[in-house]
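Welcome! Let us walk through this structure together, one step at a time.

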Amino acid sequence: MTGETTVRKAETIPIAESNDVVRVRQQVRVLALEVGFSLVDQTKVVTAASELGRNTLEHGHGGHAEISIIDNGVKRGIKMSFRDNGPGIADIALAMTDGYTSGKGMGLGLSGSKRLMNEFELTSEVGVGTTVTVARWK
Amino acid sequence: MVIMKTLLQTLQDNGDRIVADWTHSLRSATQRKDLLSERDLESQAADLFKAIVKVPAETKISEFGSPAWRPVKDLVATLSVSRANLGFSPTETALFVLSIKPAIFGTIRQEWGSDPDRLFSEITVADSFIDKLSLHSTESYIGGRDRVIARQQEDMLELSTPVVTLWDGIVALPLIGTLDSARTQVVMETLLQAIVDTNSRVAIIDITGVPTVDTLVAQHLLKTITAARLMGAECILSGIRPQIAQTIVHLGIDLQQIATKAKLADAFRLALEQTGRRVTRIDGAQAAQAAKAAKAAL
């Protein structure tokens, strides 16, 4: 993150079933509206939340989403952290490749989310879990 | 071990008065006369009391799970579920059972009022019994509510996937709301079935009402479109709003193999063309003639 980033508002939502992904999406939309994102940017952020939330559910076998409004003094934005204690990702570069999937999806969730957001950070340890943190500035 | 024997006998002997007292307190308590008539309420109270009196005298109250209590529990469950369906609140439902307490306690006092120890033990027995019954009532009520919710969810699944025939051989599926696995499965099946039933060659899937199109939704759409193709029908995807279009591009979803349109009207025009039709404007004289023919047809 650039500059002094302060967290204005944070919420944690557990992800354990597919309805929770819908809840994450709805909550992200509420926060995105509060930040004042345009309709296009709102849709981008919500879609990224949907992708990453579903990854947490399907690949990480459930976890948490932490959504927050951030502020670096000049701009406001939205930051989302998706954490799971799943099997982890052995080859991050491969996982980030368009079209590669370890499941049955399209293999565009991770790479697509990266393109939808301004900041993207993925940390993973095999057998421990995965955390994906993304942010988008207004 | 507490045994109901003497208490049950007493209740049986005073049955008529207890029911009278109970219905009296039911009537004065805030009951929902708009949902349940007074007569129904009274007959339910009488039925429930009859079931209580029928429990074998040697039954132990600590064994609320024993078969002897089954008829009473079943009756309470049925009444509670019907109240859940009628729209009673959980409190109102539990109150129906709880409101028998004063009537029963009054009877106990009359019988054993001179013997405090006995009075206390009988009241304890009756109290714990009625509490268990009312808890059972609440549990059944929640169960009934759960079933109502499950039914509504099923209704919604069906409601939200109407396939409409736009023209001979052209069907449209306007999608509204969140597309998650369960719904998408229903959507896909309804559309494919409608294609067969109406013998359609073109199917329009309109996603104007879908707030988020992520890779899962896109994948479901692509699968549906592929399946429709296998059946000989072409699909047109319409209702792609600007924000959805940009998101799809960023996600990297390839929709180039699919005919897409921004508006349903455009998709319909394309569908007409694909089935060898065209919409044309007609000139003055012809228009008058057509209007006349239309009137005659009425």
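In chain A, α1(A) passes α2(A) in a right-handed crossing (right-handed if the near helix is turned clockwise from the far one by less than a right angle, left-handed if anticlockwise). This is a predicted model, in which local features need pLDDT of at least 70 and side-chain atom pairs count only at pLDDT 80 or more, while totals for chains, interfaces and linings use all residues. Residues are numbered from 1 along each chain as its sequence is written, with chains lettered from A and ligands numbered from 1 in the order in which they are written.

Helix α1 covers residues 18-35 and helix α2 residues 39-58 of chain A; they pack at an angle of about 150°, their axes 9 Å apart. Axes here are lines fitted to C-alpha atoms, for helices over the stretch in contact, and angles run from 0 to 180 degrees between N-to-C directions. The two helices are therefore roughly antiparallel, a label for angles over 145 degrees.

Which residues of α1(A) and α2(A) meet? Among them are A:Val21, A:Val24 and A:Val28 in α1(A), and A:Val45, A:Val46 and A:Ala49 in α2(A). Contact means that C-beta atoms, placed from the backbone, lie within 7 Å.

Stepping back, chain A has four helices and five strands, following the pattern β-α-α-β-β-α-α-β-β along the sequence. Helices (H or I, at least four residues) and strands (E, at least two) are DSSP runs, numbered from the N terminus.

Finally, look at where two chains touch: 21 residues from chain A and 18 residues from chain B take part in the contact. On the side of chain A, α2(A) gives the largest share, nine residues.

Terms used: Parallel < 35°, antiparallel > 145°, perpendicular 65-115°, else oblique.
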